[in-house]
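This briefing is meant to be read with the structure open beside it.

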Amino acid sequence: MQIADRCVASFNYTLTNDSGEVLDSSSGRGPLAYLHGAGNIVPGLEKAMVGKQVGDKFNVDVKPEEGYGAHNPALVQVVPRSAFRGVDDLQPGMQFRADSDRGPMSVVVTDIEGDKVTVDGNHPLAGATLHFAIEVTEVRAASAEEMTHGHVHGPGGHHH
Ligand code: ZN
């Protein structure tokens, strides 16, 4: 069975950046399952999965536009330290939930200078080219319920 719309595919993956650093991987967690055609995974990877079958191993490079998007400078803001009342030891790299015009978003502290704290609301992988090494481990037809929900149920997917 080849991967196409209305299929559930499971795969092992290693995600590296341009320098070859491993950013994420399925190792130790087991394969990730997704519903093909539902936008469960980044568009560039979903495109590359079309027509693949169990046992296929391949590498794919995904440009930011087909990954987590370009880095948007408008999502980088400088806020006063007083916005972090109750945080004792504010450090770059810390993540917070923040309210924005577009609803709650996750921001990461990227810089602290005196009273000025720079936060970045971009996805951590925005602007990055993603290098995936993929191994397809299972392909099956999606159930009617999975099609309705737009995601996979069971191993590697949602449990609810
Ligand atoms: Zn569901």
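Contact here means that heavy atoms lie within 4.5 Å. This is a predicted model, in which local features need pLDDT of at least 70 and side-chain atom pairs count only at pLDDT 80 or more, while totals for chains, interfaces and linings use all residues. Residues are numbered from 1 along each chain as its sequence is written, and side-chain values use heavy atoms, with hydrogens and water left out.

**The chain as a whole**

- The chain has two helices and nine strands, where helices (H or I, at least four residues) and strands (E, at least two) are DSSP runs numbered from the N terminus.
- Read from the N terminus, these elements follow the order β-β-β-α-β-β-β-β-β-β-α.
- Along the principal axes, the C-alpha atoms fill a box of roughly 60 × 35 × 30 Å.
- Of the 160 residues in the chain, 36% are buried, a word that stands for under 20% relative accessible area, with a 1.4 Å probe and protein chains only.
- When contacts between residues at least 6 apart in sequence are considered, 62% of them join residues at least 24 apart.

**The nonpolar cores**

- A nonpolar core is a set of buried Ala, Val, Leu, Ile, Met, Phe, Trp, Tyr and Cys residues joined through side-chain atoms within 4.5 Å.
- The largest such core holds 21 residues, and those with the most contacts inside it are F11, L45, M49, F132 and I134.
- Two or more residues of this core come from each of the elements β1 (7-16), α1 (43-49), β4 (57-62) and β9 (130-141).
- Beyond its neighbours within four places in sequence, M49 is in contact with I3, F11, Y34, H36, I41, F58, I134 and V136.
- A second, separate core has ten residues, among them L75, F84, F96 and I112.

- D120 is placed in strand β8, which covers residues 116-120.
- This residue counts as buried because D120 has a relative accessibility of 12%.
- Not counting residues up to four places away in sequence, D120 touches H71, L75, V76, S106, V107, V108 and T110.
- The side chain of D120 makes a polar contact of 2.9 Å with the side chain of H71, where a polar contact is a pair of N or O atoms within 3.5 Å; within protein, one must be able to donate a hydrogen and the other to accept it, and residues adjacent in sequence count only if both atoms are side-chain atoms.
- The side chains of D120 and N122 are also joined by a polar contact, at 2.7 Å.

Notes. Buried < 20%, exposed > 50% of the residue type's maximum accessible area, 1.4 Å probe, protein only.
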